[in-house]
Amino acid sequence: MSDVIDIEAIKLSNAQIAWRAAQDIEDGAYVNLGIGFPEMVAKFQPKGKQAIFHTENGVLDFGEAPAKGEEDWDCINAGKKAITIKPGTAFFHHADSFAMVRGGHLDVAILGAYQVAQNGDLANWSTGKGGVPAVGGAMDLVHGAKRVAVLTDHCTKKGEPKLLAACTMPLTGVGCVTRIYTSLAVVDVVDGGFVLREKIPAITLEALQAVTGAPLGTEGPVGELICPEELK
Amino acid sequence: MDKRLTSPAEAVAGIKDGAVVMIGGFGGSGAPIELIHALIDQGAKDLTVINNNAGNGHVGIAALIEQKRVAKMICSFPRSADPVVFTEAYLAGQIELELVPQGTLAERIRAGGAGIPAFYTPTSFGTDLAKGKPVEVFEGRPYVQERWLKADFALIKAEAADPHGNLTYRMAARNFNPIMAMAATTTIVQASRIVPLGGIDPEQVVTPGIFVDHVVEVAKPAQEEELNRAGAVYP
C-alpha cells in the first residue's frame, strides 16, 4: 500500500498558478489572456516587466476594470467585462485583431484547458457531450503566438489526469501547447513528450507521475515550484 | 449624393424574407439595437443572421430569434450572460447553427468584402470544425481552406457618419462593424451623429463611404448591456 497523498491539500491555488505564469512573461511582450482563470495573470506582472495585453474584440494595451457604476459598455474585453483605456491604448477591427493572432505578432497566448496531450494537442472548447457548442477565439489563439501556455489544475475534480497521452475530448488545436502551468508542476512539451521543469516540493516525482497520464521526462535537475503563500 | 434616411424603419424596409443579414457588434458593444428592433417591427423572417454571438437576454438579436425570424445563425460563440432564447430554440431544433472560429469568421467576412472567394488558415486544422474542408501544406505546415462570407444586408452601428457614408466608430464598438460594412450588397448604418461633409477629418475615417448605402441618425442609441441589466424585453 503506497502512501496516499492528499493532492487537494498541497496543490497550488489558481492565483498561485497565475502568479507563476506571470513570472515568465518578458518585458514588452504582447500577450493574450484567455477568458476566466488566465485573466488573473495580468495582476501578477513582476515589477519592471511591462506586458501589453491584447483582447480579441479589438483592443491593445487596455487599463484595469472601471469602478462599479463607471462602466462604458462600448469599452469591453473579450470576456465582455468592462475595461478602461489608458495612454497607449489602440482600437482596431476584428480582422486586424486576428491578423495579430494568426500572423505571429503575439508573443504569448495563455489559455485554460480540459486536457493537454504529450504532443501538445489541446482540448479546451467542448466536452463533446452535447448542448450548445461555442468556440469563440480559442482555435485561432492556439496558432500564431510564439508561446502557447496553458494554466490548469493538474487533475480534474474527480482526480483524473488532465495531462494525457492523447486527448479524448474534441481538439482545439494540434501540437500547439508549449508549456503547462499546473497546480503541481511546470511542464514543457518537447519533441512529442512532457518534460518536467518544476514541481512543488510537497510531492515526490513518483506521486506526480501517478497523477499524470503520460510519462514525465526530465532534462537536468527539476526546479522547486514555490509561489507566494499569501496567494494560497 | 446623400445617403441619409430619416428613420430606422425606412432603412430596413427593403429586407425580404430569407435574406442573409450581417449584424455588427460583439456582445452588446457595437450592436445596432435600433436597426434590429426596426427589423423585428418590419416582419422579415427565415433570416440567416451573421454575428459573433447569438443574442443576450430578450433584446436585439435575442429578440429577433424569440420572434422566430431567424432560421440560421452563423457565429463563433452562441453563449452569453443570458443565452436562454438561442439555447431553447437550438435544443428544440428550431434554428440552425453554423459554428465558426472567431478569427475565421472575421477573415471570411473580410474576404467577402475584398472579393477573395477562399483562403487558407491554420485555425481549426485537425479539429471537428475542419471536417470536410480541403487542407494544403504551405512551408511544411497544414492549413484549412475557408470560403468567403457575403450578405444581402449589413446592419452597422457607427459613432459619426457624413452624408456620403464615411464612418467613425466608438472604442471597442468597432469590432466586426467595418468588415461587415464591406461584405454586404446593401449596408445600412445607424450613427449616433450625422455630421456635414467635412465634419469627419479624412485622416480619421475608418469606413470609407463606398462601402455604405444608407445612414440614419440614432442619437443616444440604446446599449444592449444596459437594456439587459434593466430587464428589458422587445417588443
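## A buried helix in chain B

The buried residues of helix H2 of chain B are B:Ile33, B:Glu34, B:Leu35, B:Ile36, B:His37, B:Ala38 and B:Leu39. The helix, which spans residues 33-42, is mostly covered, seven of its 10 residues being buried. This description, like everything below, refers to a predicted model.

Several elements of chain B contribute to the cover over the buried residues of H2(B). Among them are helix H1 (8-12), strand S2 (20-23), helix H3 (60-66) and strand S11 (184-194). Strand S9 and helix H7 (224-229) of chain B also take part. After H2(B) comes B:Gly43, which has a positive phi near 100°.

## Overall form of chain B

Chain B contains seven helices and 12 strands. Its radius of gyration is 18 Å, which agrees with the value near 18 Å that a compact globule of 235 residues would have. Along the principal axes, the C-alpha atoms of chain B fill a box of roughly 55 × 45 × 30 Å.

Of the 235 residues in this chain, 57% count as buried. Contacts in chain B between residues at least 6 apart in sequence join, in 77% of cases, residues at least 24 apart.

## The three-stranded sheet of chain B

Three strands of chain B form an open sheet in the order S6-S8-S7, and their pairing is antiparallel. Strand S6 (118-121) and strand S7 (135-138) are the edge strands, each pairing on one side only. From one strand to the next, the twist averages 40°. As a rule, the strands of a sheet pair through backbone hydrogen bonds, in either a parallel or an antiparallel manner.

S6(B) is joined to strand S8 (residues 141-147) of chain B by four bridges, and the two run antiparallel. B:Phe119 has B:Glu146, in S8(B), as its bridge partner. Helix H5 of chain B, made up of residues 102-114, lies across S6 and S8 of chain B and runs at about 155° to S6(B).

The largest nonpolar core has 141 residues. Those with the most contacts inside this core are A:Ile110, B:Val21, B:Met22, B:Ala154, B:Met180 and B:Ala183. S9(B) gives the most to the core, with eight residues. In soluble globular proteins, nonpolar side chains tend to be buried together. Leaving aside neighbours within four places in sequence, B:Ala154 is in contact with B:Met22, B:Met180, B:Ala181, B:Ala183, B:Ala184, B:Thr187 and B:Ile188.

B:Ala158 has its place in strand S9, residues 151-161 of chain B. B:Ala158 counts as buried because 31 other C-beta atoms lie within 10 Å, where 20 or more are required. When residues up to four places away in sequence are not counted, B:Ala158 touches B:Leu167, B:Thr168, B:Tyr169, B:Asn177, B:Val189 and B:Ala191. B:Ala158 and B:Ile194 are 36 residues apart along the chain, and their C-alpha atoms are separated by 9.8 Å.

## The contact between the chains

Chain A supplies 29 residues to the contact and chain B supplies 39. On the side of chain A that touches chain B, the elements giving two or more residues are helix H3 (94-102) and helix H4 (138-141) of chain A. H3(A) provides the largest share of that side, five residues. By class, the side of chain A that touches chain B comprises 16 nonpolar, eight polar and five charged residues.

Within H3(A), the buried residues are A:His94, A:Ala95, A:Ser97, A:Phe98, A:Met100 and A:Val101. The cover over the buried residues of H3(A) draws on both chains. It includes strand S1 (30-33), strand S2 (52-55) and H4 of chain A, together with H5 and helix H6 (177-183) of chain B. A:Gly104 follows H3(A) and has a positive phi near 80°.

## A loop residue of chain A

A:Ile85 lies in the loop between strand S3 (59-60) and strand S4 (90-91) of chain A. A:Ile85 is partly exposed, with 16 other C-beta atoms within 10 Å. Apart from neighbours within four places in sequence, A:Ile85 is in contact with A:Phe62, A:Gly63 and A:Cys75. A:Thr156 is 71 residues from A:Ile85 in sequence, and the two are 37 Å apart in space, C-alpha to C-alpha.

Conventions: Residues are numbered from 1 along each chain as its sequence is written. Chains are lettered from A and ligands numbered from 1 in the order in which they are written. This is a predicted model: local features need pLDDT of at least 70, side-chain atom pairs count only at pLDDT 80 or more; totals for chains, interfaces and linings use all residues. Two residues are in contact if their C-beta atoms, placed from the backbone, lie within 7 Å. Ala, Val, Leu, Ile, Met, Phe, Trp, Tyr, Cys and Pro count as nonpolar, Asp, Glu, Lys and Arg as charged, and the others, Gly among them, as polar. Two strands pair if DSSP finds at least two bridges between them. Axes are lines fitted to C-alpha atoms, for helices over the stretch in contact, and angles run from 0 to 180 degrees between N-to-C directions. A residue is buried if 20 or more other C-beta atoms lie within 10 Å of its own, exposed if 12 or fewer, and partly exposed in between; C-beta atoms are placed from the backbone. The radius of gyration is taken over C-alpha atoms; the globule rule is 2.2 Å times the number of residues to the power 0.38. A nonpolar core is a set of buried Ala, Val, Leu, Ile, Met, Phe, Trp, Tyr and Cys residues joined through C-beta atoms within 7 Å.
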